Amino acid sequence: EEDLLEELSARENARLLRAAVARVLTEQERQVVCLRYGLMGHAPQKQWEVAKVLGISRSYVSRIEKRALGKLRAELERVQ
């Protein structure tokens, strides 16, 4: 029974995260987060790999990622 509750909670958290990604991030932020953390069917990648895919510097990926995670954190705190 506890396993079922944990799984339901994890699914709800994943649903909230996907909705927040779609709602508050720019397209570029969404790309970086999805590639970095393996969301939306992508395998997780390192910052330098994301930089290569998007044609930007690794340090710019880092800045975009930091900004995007801050937006997601704020949005998830707001909805919970």
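This is a predicted model: local features need pLDDT of at least 70, side-chain atom pairs count only at pLDDT 80 or more; totals for chains, interfaces and linings use all residues.
User: What box do the C-alpha atoms fill?

Analyst: Taken along the principal axes, the box is roughly 45 × 25 × 15 Å.

User: What share of the residues counts as buried?

Analyst: Of the 80 residues in the protein chain, 24% are buried. Buried means under 20% relative accessible area, exposed means over 50%, and partly exposed lies in between (1.4 Å probe, protein chains only).

User: Turning to α4: how does its span agree with its 22 residues?

Analyst: The end C-alpha atoms of α4 are 31 Å apart, which agrees with the 32 Å that its 22 residues should span at 1.5 Å a residue. The expected span is 1.5 Å times one less than the number of residues.

User: Which residues of α4 are buried?

Analyst: They are Val61, Ile64, Glu65, Ala68, Leu72 and Glu75. Seen down the axis of α4, these buried residues fall within an arc of 100 degrees, so they line one face of the helix. The arc is that of the directions from the helix axis to the C-beta atoms.

User: Why do residues three or four places apart point the same way in an α-helix?

Analyst: An α-helix has 3.6 residues a turn, so residues at that spacing point the same way.

User: What is exposed on the other side of α4?

Analyst: Lys66, Arg73, Glu77 and Arg78 are exposed there.

User: And what covers the buried residues of α4?

Analyst: The cover includes α1 (2-24), α2 and α3. Contact means heavy atoms within 4.5 Å.

User: Which residues of α3 are buried?

Analyst: In α3 (residues 47-54), Gln47, Val50 and Ala51 are buried. Seen down the axis of α3, they fall within an arc of 100 degrees, so they line one face of that helix. Trp48, Lys52 and Val53 are exposed on the other side of α3. The cover of the buried residues of α3 includes α2 (27-37) and α4 (58-79).

User: What about α2: which of its residues are buried?

Analyst: Glu29, Val32, Val33, Cys34, Leu35 and Arg36 are buried in α2. What covers them includes α1, α3 and α4.

User: Which residue just after α2 takes a positive phi?

Analyst: Gly38 does, with a phi of about 70 degrees.

User: Where does Met40 lie?

Analyst: Met40 is in the loop between α2 and α3. Its relative accessible area is 45%, so Met40 is partly exposed. Apart from neighbours within four places in sequence, Met40 is in contact with Arg18, Val21 and Cys34. Met40 and Arg18 are 22 residues apart along the chain, and their C-alpha atoms are separated by 8.3 Å.

User: Is Gly41 buried or exposed?

Analyst: Gly41 counts as exposed because its relative accessibility is 80%. Gly41 is also placed in the loop between α2 and α3.

User: Last topic, charge: how many positive and negative side chains are there?

Analyst: The protein chain has 15 positive and 12 negative side chains, and the centres of the two sets lie 13 Å apart. Lys and Arg count as positive and Asp and Glu as negative, with His and the chain ends not counted. Each charge is placed at NZ of Lys, CZ of Arg, CG of Asp or CD of Glu.

Key:
Residues are numbered from 1 along each chain as its sequence is written. Side-chain values use heavy atoms; hydrogens and water are left out. Helices (H or I, at least four residues) and strands (E, at least two) are DSSP runs, numbered from the N terminus.
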